[in-house]
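The following paragraphs lead the reader through a structure, from its nonpolar cores to one helix and then to its aromatic rings.

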Amino acid sequence: MRAVQVQEYGGPEVLRTVETEVPEPGPGQVSVDVAYTGVNFADLKARGEGYRVPSLPFVPGLEVSGRVRALGEGVSGVEVGQEVAALTNGGAYADVVVADATTVFPLPSGVDLRTAATLPTVLPTAYALVHAVGRLQPGETVLVQGAAGGVGTAVGQLAKAAGASGVFGVVSGAAKAKYALDHGYDDVFVAPSTNSTASTNSTASTNSTASTVSAGFVDEVRAATGGRGVDLALDPVGGETFRASLASLAVFGRLVSFGNASSAEPWRVGQPELYPTGLSVSGFSILTLAQTAPDALRALTEKAFAAVAEGVVSLPVTAEFPLEEASEAHRLMGGRTSTGKLLLRVA
């Protein structure tokens, strides 16, 4: 079978298509004939700096859609030939991938394989950020870094559906604002990698990925909320952006960290930051949850998939590449110009 390997860390050019043996599922596992593979920023970090890579050579990829190929010992709930989406520990840039049965999900009615490949990481993450971890309540306000990316696209829609009174996004340039505003956002603040900032409304456009956004959005957030700040801030960036998100919170506000795209030193907060206005900080990682609390992940994913089936949220596929052109998908995502979801077409 074909697989796209990383044999040494580096830029997109280190992704190489090779022929390798078809993996077989072990006990409690399922193998899947892959139709589509989702491309995530974590894949770029794995390729470039070894993020969550156990050893080389390594096949990236965390999410797929396809059909069940074979069942390992003790697996029930899915059948050979059934269409599924799956969250994997890697290996998804390939014709066949093996996943733990607890992270393999039958497709909801009306969801096709192409759409299904956008779901396993982004939708449960977005659903958790809004509901399970962020606990957004009707009438509250939310600030989202990387508003035009995959998670940001889903969060904007889910927050609106949850009754948020203000959904604010942060992006890094002028090309992505209209996209974010079309997916649930009331206002988008442009915070590019320089110190300049701007705000945009429904007549403007902006462009961003989370990892290049600067921290120059606090004044805009305060102005948009009448000086109050937001009830909930969601940050996948870390570093100075994390600190600015914390500074954007209202009294009793909540910040959820769900990534470190900036590769900054891990954040630390304590009494001096939290006590004065009763702030709280929490974290979320879907990959870690899959290892530590698979039953909780499964319940979360089923709710997120239901939101898609019911039309509450959708995640547009904005670019699609053949498996052999995975490097081009990485160049597009790494170039800070992509919006929505990128896919690799495998079958």
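**Cores, a helix and ring pairs**

The largest nonpolar core comprises 60 residues, and those with the most contacts inside it are L123, V155, Y185, L234 and F284. Helix α3 gives the most to this core, namely seven residues. A nonpolar core is here a set of buried Ala, Val, Leu, Ile, Met, Phe, Trp, Tyr and Cys residues joined through side-chain atoms within 4.5 Å. Buried denotes under 20% relative accessible area, exposed over 50%, and partly exposed the range in between (1.4 Å probe, protein chains only). A second, separate core of 34 residues includes A3, L44, F321 and L344. The model is predicted: local features need pLDDT of at least 70 and side-chain atom pairs count only at pLDDT 80 or more, whereas totals for chains, interfaces and linings use all residues. Residues are numbered from 1 along each chain as its sequence is written, and side-chain values use heavy atoms, with hydrogens and water left out.

Leaving aside residues up to four places away in sequence, V155 touches A126, L129, V130, V144, Y185 and L234; contact requires heavy atoms within 4.5 Å.

Attention now turns to helix α10. Helices (H or I, at least four residues) and strands (E, at least two) are DSSP runs, numbered from the N terminus. The buried residues of α10 are L297, L300, T301, A304, F305, A307 and V308. Seen down the axis of α10, these residues fall within an arc of 150°, so they line one face of the helix; the arc is that of the directions from the helix axis to the C-beta atoms. The face turned away from the buried side of α10 carries the exposed residues D295 and K303. Covering the buried residues of α10 are, among others, β5 (83-87), β7 (104-106), α3 (122-132), α4 (150-161) and α9 (286-292).

Three aromatic pairs are counted. Rings of Phe, Tyr and Trp (its six-membered ring) pair if their centres lie within 6.5 Å; planes under 30 degrees apart count as stacked, over 60 as edge-to-face and the rest as tilted. The ring centres of F105 and F305 are 5.7 Å apart and their planes lie at 65°, so this pair is edge-to-face. Because F105 belongs to strand β7 and F305 to helix α10, the pair ties together parts that are 200 residues apart in sequence. Both F105 and F305 are buried. For F168 and F189, the ring centres are 5.9 Å apart and the planes at 25°, so the pair is stacked.
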